[in-house]
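Please read the following briefing alongside the sequence and the coordinates. The points are grouped by topic, and the terms are given their cut-offs where they come up.

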Amino acid sequence: MRYSQALLPTLKEIPAEAEVASHRLMLRAGFMRKLTAGIYSYLPYGLAAIRKVENIVREEMNRAGAQELLLPMVQPADLWIETGRYEKYGPELLRFFDRHERESCLGPTHEEVITDIVRKDVHSYRDLPVNLYQIQTKFRDEIRPRFGLMRGREFIMKDAYSFDVSNEAAEASYWKMYEAYKRIFTRCGLKFRAVQADSGTIGGSFSHEFMVLAETGEDTVVFCQDCDYAANMEKAAVSLRKQEKIERLEQLEKIQTPGKRKVDTVCEFLKIAPSQLVKTLVFMADDQPVAVLLRGDRQLEEVKLKNLLGAADVEIAESSQVYDITKVPTGYLGPVGLTIKIVADLEVAAMQNFYVGGNEKNYHMKNVNLGRDFQVDATADLRQITRSDPCPECGGKLKLTEGIEVGHVFKLGTGYSESMEATFQDSDGQDKFFVMGCYGIGISRVVAAAIEQNYDADGIIFPVPLAPYTVIILNLGLKDEKITAAAEHLYRELQRQEIDVLLDDRDERPGSKFKDADLLGIPFRVVVGKSLLNSGLIEMRIRKNGAVEEMTPDKVIPALLSKIADESTEKTDDP
Ligand SMILES: [Zn+2]
């Protein structure tokens with residue numbers, strides 16, 4: 001491509017709307033433009049990066065035996081009513097009526113549509129397994145779209161669905177996808193981790209998220225420095241460490257804590273550590289109040305609570321709600337004498353002689369003991385893991401790091417096939433439900449995550465496999481015949497070698513050409529300018545590390561080809 005003919009509108013100013021690096025850089029590098037909240041137009045440069053990801057994904061999905069198809073974006077509500085998700089999905093599902101008053105929705109995901117296809121067209125165990133995927137635009141009506149392509153309302157996704165005869169076969173399909181995903185993200189040139197993820201109420205251990213490690217990640221990844229354990233926060237199980245047993249349970253006492261309502265201020269006032277206090281939080285779980293007991297210095301992991309209660313929705317109660325239910329003002333609630341459902345974190349169950357709210361304004365209680373002073377309905381692992389907890393698998397040292405979820409593999413089981421009555425005839429002549437799996441990759445998100453992981457003050461630093469152009473040639477002497485001839489020759493030669501190349505032939509000052517080349521993040525920059533006239537040399541620079549080499553024109557192409565081959569991740573062994 002010739003820059004002079006390209007729609008590649010770079011911005012010098014930092015756009016006010018952008019909150020994170022990838023968003024800022026994608027706007028500045030002319031990837032995309034916002035049409036409306038959470039919805040972007042992809043300009044040629046951005047689309048080229050997206051296509052690079054798509055190609056890698058497509059090759060690896062095909063290699064793993066999946067078949068590509070393309071499903072509609074508009075889906076009839078009827079299918080969603082069959083699975084019960086029309087009710088459950090919430091306002092992220094954009095619903096509307098067509099001119100014939102038929103209720104429809106814009107697909108945020110395609111389990112219903114694909115199950116409908118398979119139940120109509122796959123009838124025998126002989127036709128299984130089948131794994132179908134598409135690369136398509138999805139729509140989720142996020143309440144607060146943000147971070148550009150990271151959490152948009154409209155986005156490009158690869159979604160795959162596998163159908164198998166049995167649990168064992170479905171697990172084999174699952175692990176095949178898991179391996180394919182590892183190859184995909186490796187080929188994209190990304191630093192990532194596959195982590196155990198929460199599989200919610202569906203159960204089973206068969207859910208992994210693929211996280212690109214980056215400081216701006218929305219999720220926290222927990223991994224062990226001593227073994228292979230890796231999980232997201234929601235899933236990371238906290239193992240209870242042995243507590244020192246105190247011999248004597250002390251006498252329960254009500255103590256004054258005038259105006260002290262927060263953990264910090266209560267502890268400061270009583271001169272105790274937050275680890276000696278138990279806080280009582282009230283949540284509404286599907287509209288039922290539940291008191292949750294946690295050690296004062298711990299954070300609740302809501303997903304763990306949700307799973308314990310089997311609730312579809314869990315939300316912290318408002319102060320006024322808590323008062324209506326308990327008649328206790330905020331900050332003084334405690335479990336002693338409390339009549340609503342109470343659940344306690346494992347750690348609380350092992351504590352003795354601790355402090356709690358006194359269920360009366362300006363009072364707390366000390367020397368409280370579970371079992372003697374109050375009862376709970378359940379104890380479970382409810383808190384967030386911390387870096388000082390031991391690894392749940394080996395007891396080793398944990399590390400917490402930020403990550404961006406770019407892929408998710410999930411064993412679904414028979415939930416969808418049962419609710420949609422999708423069956424096949426097995427070898428024994430019996431009708432059985434398909435055992436399903438689903439596998440997503442946020443294609444547009446991969447591009448954003450790649451940038452979050454690879455940029456500096458000057459702009460993007462694309463990994464070679466995702467770079468829209470691998471090489472940029474700067475012609476710094478448009479009016480000089482020799483310089484222009486050399487630049488044009490290199491341009492044609494690289495094209496002949498099927499290298500994606502951008503020739504900056506704009507009538508711009510060298511300074512802005514250098515700036516744009518850095519901003520765009522093209523891995524290799526070739527400068528044809530005065531050095532060619534003075535000393536017969538052309539400069540090559542690597543964006544990633546700033547390394548510069550000068551060479552005679554005949555050396556440029558071989559040097560580039562060899563460096564590109566070094567950086568390329570496409571050489572993967574056959575499975
Ligand atoms: Zn470990």
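In β29 (residues 524-528), Val527 is the bridge partner of Leu474, and β29 pairs with strand β27 in the parallel sense over five bridges, where pairing requires that DSSP find at least two bridges between two strands. Helices (H or I, at least four residues) and strands (E, at least two) are DSSP runs, numbered from the N terminus. This is a predicted model, in which local features need pLDDT of at least 70 and side-chain atom pairs count only at pLDDT 80 or more, whereas totals for chains, interfaces and linings use all residues. Residues are numbered from 1 along each chain as its sequence is written.

- Strand β27 covers residues 471-475, and five of its five residues are buried, a residue being buried if 20 or more other C-beta atoms lie within 10 Å of its own, exposed if 12 or fewer, and partly exposed in between, with C-beta atoms placed from the backbone.
- In a regular strand the side chains alternate between the two faces of the sheet.
- Both faces of β27 are covered, with Val471, Ile473 and Asn475 buried on one side and Ile472 and Leu474 buried on the other.
- β27 also pairs in the parallel sense with strand β28 (residues 501-504), over four bridges, and within β28 the bridge partner of Ile472 is Leu502.
- Between β27 and β28 the chain passes through helix α13 (residues 481-496) in a right-handed β-α-β crossover, meaning that, with the strands pointing away from the viewer, the path from the first strand over the helix to the second runs clockwise.

**Nonpolar cores**

- The largest nonpolar core holds 117 residues, of which Val53, Val447, Val471, Ile473, Ile522, Val526 and Val528 touch the most other members; such a core is a set of buried Ala, Val, Leu, Ile, Met, Phe, Trp, Tyr and Cys residues joined through C-beta atoms within 7 Å.
- At least three residues of this core come from each of domain 1 (16-234 + 399-452) and domain 3 (469-567).
- Apart from it lies another core, of 30 residues, which includes Ala285, Leu293, Val343 and Ala344.
- Val526 is in contact with Val471, Ile473, Leu490, Ile538, Met540 and Val556, once residues up to four places away in sequence are left out, contact meaning that the C-beta atoms of two residues, placed from the backbone, lie within 7 Å.

**Domains and overall dimensions**

- The protein is divided into domain 1 (16-234 + 399-452), domain 2 (253-380) and domain 3 (469-567), with bounds that come from an automatic or database domain assignment.
- The centres of domain 1 and domain 2, taken over C-alpha atoms, are separated by 38 Å, and the contact takes six residues from domain 1 and five residues from domain 2.
- The secondary structure comes to 16 helices and 31 strands, and the C-alpha trace spans about 95 × 70 × 50 Å along its principal axes.
- Of the 575 residues in the protein, 42% are buried, and residues 24 or more positions apart account for 70% of the contacts with a separation of 6 or more.

- Glu111 is found in helix α5 (residues 111-121) and counts as buried because 21 other C-beta atoms lie within 10 Å.
- Leaving aside neighbours within four places in sequence, Glu111 is in contact with Tyr161, Tyr416 and Cys438, while Glu111 and Leu412, 301 residues apart in sequence, are 9.9 Å apart in space, C-alpha to C-alpha.
- Val212 lies in strand β10 (residues 207-213) and is buried, with 25 other C-beta atoms within 10 Å.
- Not counting residues up to four places away in sequence, Val212 touches Leu190, Lys191, Phe192, Gly403, Ile404, Val406, Ala449 and Gln453, whereas 52 Å separate the C-alpha atoms of Val212 and Gln251, which are 39 residues apart along the chain.

**Backbone geometry in loops**

- The peptide bond from Leu128 to Pro129 is cis, with omega near 5°, and Pro129 is placed in the loop between α5 and β7 (130-139).
- Glu101, in the loop between β5 (95-97) and β6 (103-106), has a positive phi of about 65° although it is not a glycine, and this residue counts as exposed because it has 6 C-beta neighbours inside 10 Å.
- Asp286, in the loop between β14 (278-285) and β15 (288-295), also is not a glycine and has a positive phi, near 45°; Asp286 is partly exposed, with 13 other C-beta atoms within 10 Å.
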